[in-house]
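Dear colleague,

I am passing on the structure we spoke about, so please open the sequence and the model side by side before you read further. My notes follow below, and they are meant to be read slowly with the model in view.

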Amino acid sequence: MKAPSFSLQDQDSTIHCLADYAGKWVVLYFYPKDDTPGCTTEACSFRDEYSYLKEKGLYILGVSGDSVASHKKFADKYQLNFPLLADEDKKVTTAYGAFGLKKFMGREYQGIMRKTFLIDPAGQIAKEYPKVTPKEHAIQILRDFEALSAA
């Protein structure tokens, strides 16, 4: 399946478009909210593995509905070394099926789900991760990438 295109600002107000990454592998991960426990764990996991992931040819892009200013504060606080894209109107999140019904403590509501897509150099979704374990996610993606790129 072809990955939906996007054009979003990161924490430094730089625009990122999927087309900018043509010919490259992209990890596009959606997360609910800046500076919350699970989202911080996941972001820090990507931060800690970033140099190795990039060495392998993977580009990491985080997406949430938070503002550019919120992303800046979050990225600075945790020294995140990859772009966090602001999708305040949730159009990109919705296009990727990462916005929908969630349940928390017995309550149902609409929100951004923790979901990741591994996009190949041709712009196709090579793998989708509908359920994510934040702490181990970066390593899981690396293993899957190595298996996919070897095939």
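In helix 2, which covers residues 68-77, the residues Val68, His71, Phe74 and Ala75 are buried. These residues lie on the same side of helix 2, because they cover an arc of only 125 degrees around its axis. An α-helix has 3.6 residues a turn, so residues three or four places apart point the same way. The face turned away from that buried side carries Ala69, Lys73 and Lys77, which are exposed. What covers the buried residues of helix 2? The cover includes strand 1 (7-9), helix 1 (37-55), strand 4 (58-64) and strand 5 (84-86). Please keep in mind throughout that this is a predicted model.

**The chain as a whole**

The C-alpha trace spans about 45 × 30 × 25 Å along its principal axes. For 151 residues, a compact globule would have a radius of gyration near 15 Å, and the chain, with 14 Å, agrees with this. Of the 151 residues, 46% count as buried. Among the contacts in the chain with a separation of 6 or more, 60% are accounted for by residues 24 or more positions apart. The chain exposes about 7700 Å², and carbon and sulfur atoms supply 52% of that area. As for charge, the mean positions of the 20 positive and 20 negative charges are 4 Å apart.

**Residues with a positive phi**

Ser13 has a positive phi of about 70 degrees although it is not a glycine, and Ser13 lies in the loop between strand 1 and strand 2 (15-17). Is Ser13 buried or partly exposed? With a relative accessible area of 42%, Ser13 is partly exposed. Asp35, which is not a glycine either, has a positive phi of about 60 degrees, and its place is in the loop between strand 3 (25-30) and helix 1. Asp35 is partly exposed, its relative accessible area being 33%.

Leu18 is found in the loop between strand 2 and strand 3, and Leu18 counts as buried because its relative accessibility is 11%, where buried means under 20%. Leaving aside neighbours within four places in sequence, Leu18 is in contact with Ala3, Pro4, Ser5, Phe6, Tyr96 and Ile119. Leu18 and Gly123 are 105 residues apart in sequence, while their C-alpha atoms are 7.9 Å apart in space.

Phe145 lies in helix 4, which covers residues 137-150, and Phe145 is buried, with a relative accessible area of 5%. Again leaving aside neighbours within four places in sequence, Phe145 is in contact with Trp25, Lys56, Leu58 and Leu118. How far from Phe145 is Lys102, C-alpha to C-alpha? Their C-alpha atoms are separated by 28 Å, and the two residues are 43 residues apart along the chain.

Conventions
Residues numbered from 1 in each chain as written. Predicted model: local features only at pLDDT ≥ 70, side-chain atom pairs only at ≥ 80, totals over all residues. Heavy atoms only, no water. Buried < 20%, exposed > 50% of the residue type's maximum accessible area, 1.4 Å probe, protein only. Helix = DSSP H or I, 4+ residues; strand = E, 2+ residues; numbered from the N terminus. Arc of directions from axis to C-beta. Contact = heavy atoms within 4.5 Å. Rg over C-alpha atoms; globule rule 2.2 N^0.38 Å. Areas by Shrake-Rupley, 256 points an atom, 1.4 Å probe, with all protein chains shown as cover. Lys, Arg positive; Asp, Glu negative; His and termini not counted. Charge placed at Lys NZ, Arg CZ, Asp CG, Glu CD.
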